[in-house]
Amino acid sequence: MEYVSIIFQEVYKILFLLVPLLVSVALIVWLDRRVWAFVQKRQGPNVVGPFGLLQSLADALKYIFKEIIIPSSSNKVIFILAPIVTMTLALVAWAVIPFSATQVLADINVGILYLFAVSSLGVYGIIMGGWASNSKYPFLGAIRSAAQMVSYEVSIGVIIINVLLCVGSLNLNDIVIAQQNLWFIIPLFPMFVIFFISALAETNRPPFDLPEAEAELVAGYQTEYSGMMYAMFWLGEYANILLMCAMGAILFLGGWLSPIEVYPLTHIPGALWLILKILFLFILFALVKAIVPRYRYDQLMRLGWKVFLPLSLTWVVLTASYLFYFNLLPVHQ
Amino acid sequence: MIAHSIFFYTFSFIAVISAIMVTASKNTVHSVFFLILDFISISCLFIMIGAEFLGMIMLIVYVGAVAVLFLFVVMMLNVAQQKNQWFASQESSKHIPVGLIIGTLIFFEIIIVIGGWKYKPDIFDINNSISQTSLSNTHSLGQILYTDYIHVFQISGMILLVAMVGAIVLTFRQRVGVKRQSYIKQISRERAEGVEVLEVKSNRGVKIDD
């Protein structure tokens, strides 16, 4: 009986995280389209509901009633598995995100490694979908994304090492608490810029949306998908973008900490600060989508391997030597 | 403890079954997917014995990077065509003795390794000290790796580097006649070298781009 009550408690907690997350993914799609429209002096979706807020809901309803078409020459099991993998991985990663000192689903020792691992698994959904479709454009998209995501993961990993050197712990709550005096965006600003751009590439956002470049590849790996399966790819992608924003907020913008430690601000719950920071980063993402044209493939690879990797590696050496020379290395126990 | 053993047996069952399926499945891409499943369940087992750092590194390195490259290569091969050529021909039986010899060799090597298996006493002490001082997994690994075994660690890193350089040298070929775009050339172009104003006489035209 004890087990049953524990399981119920955990399921309740998980639902308390997942339901708001899925709702906010729907809202964030709306926000993305609105920001994109405003940059281009358009209105964007503004008809369904107040300010068009319910647009995503209407889209989701439409997708649910569409027929799911499975190509006869496709590898059916993997074809169906691919959107499920994308969606699950995007949601699973949220288990370790701390919303305040106590509000975290799983406060594990290697939280940041877990986040990094799950985000590096995200490439499988795309490869599986592209290969199982048994069609040229999806396959090209899948191959592009495999190369792209593997290359940019490397620089994200090195940037994480930078932050870890300053913290001395892999726990996400420790990372947030270490920024109490100074957010890492100030001493590690170049790393924040590189992280942001790598996050764009990691989530296949414009200007790095080569895997789904609609002009060349007809939406890449999603070409053969329809109905709810296509919507799942979409949801997973946006949940991943939110996750990357959360990661950036925790690593560089002080997570759930308030910007200044003065009286009225410290009483605002930490979750709200984290959400505001995620929103700030997301609006940056949306602006980049509207402003920057798509990169060529060789430019993308050059940026990842020849610019970001050497730069972030050099910065690791710099950070480590600085901390060592001034005896600032964090010591635990 | 019951829940613990349920999880343990589930993960180890999945690990063994998927390891068998890697070799048994006819489609090469399916084999790679089973390999990935195997890696994931092994890393779950690592996490269950408290080696969370190893488990996560396993996920990041093997599943996140190595297996992606495997998949990348395997998908490029035309599996269906190759299957027919390879398995239907008589030639494949010629390779069976070689495979058998290598297989038995590896089998005996494994038996020798398992037969000579014993825990080193000082590693045991380190294990005890971990449980006493309640250091986290990552800290204790770092304290062993960067102090007692630093030379072995550095040498293994050098071997990996040499392997990487070797692979690049072996596969690198300079192609001729490929048009490349150089950023520096593109950016440093001035108006003077790009634009030329000509006096065009009527009914004559000018010859450009020669």
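Colleague: Which residues lie nearest the centre of the largest cavity?

Modeller: This is a predicted model, in which local features need pLDDT of at least 70, side-chain atom pairs count only at pLDDT 80 or more, and totals for chains, interfaces and linings use all residues. Residues are numbered from 1 along each chain as its sequence is written, chains are lettered from A in the order in which they are written, and side-chain values use heavy atoms, without hydrogens and water. On a 1 Å grid over the protein atoms alone, a cavity is a set of points where a 1.4 Å probe fits but cannot get out, a pocket is an open set with protein on both sides within 12 Å along at least five of seven lines, and lining residues have an atom within 4 Å of a point. The lining of the largest cavity has 14 residues, and those nearest its centre are A:Ile126, A:Met149, A:Glu202, A:Thr203 and A:Asn240.

Colleague: Which helix gives the most to the lining of the largest cavity?

Modeller: Helices are DSSP runs (H or I, at least four residues), numbered from the N terminus. With five residues, the main contributor to this lining is helix α10 (residues 227-252) of chain A.

Colleague: How many nonpolar, polar and charged residues line the second largest pocket?

Modeller: Ala, Val, Leu, Ile, Met, Phe, Trp, Tyr, Cys and Pro count as nonpolar, Asp, Glu, Lys and Arg as charged, and the others, Gly among them, as polar. Near the centre of this pocket lie residues from both chains, including A:Leu89 and B:Ile36, and α2(B) gives the most to the lining, with 10 residues. The division is 28 nonpolar, four polar and no charged.

Colleague: What area do chain B and chain A bury between them?

Modeller: The contact (heavy atoms within 4.5 Å) takes 29 residues from chain B and 29 residues from chain A. Buried area is the accessible area (1.4 Å probe) that two parts lose on being put together, summed over both. Carbon and sulfur atoms carry 73% of the total, which is about 2500 Å².

Colleague: How many salt bridges does the structure hold over all chains?

Modeller: A salt bridge is a side-chain nitrogen of Lys or Arg within 4 Å of a carboxyl oxygen of Asp or Glu. One joins A:Glu10 and A:Lys13 at 3.5 Å, N to O, and these residues lie three apart in helix α1 (residues 2-39) of chain A. Between chain B and chain A the count is zero; over all chains it is six.

How values were computed
Helices (H or I, at least four residues) and strands (E, at least two) are DSSP runs, numbered from the N terminus.
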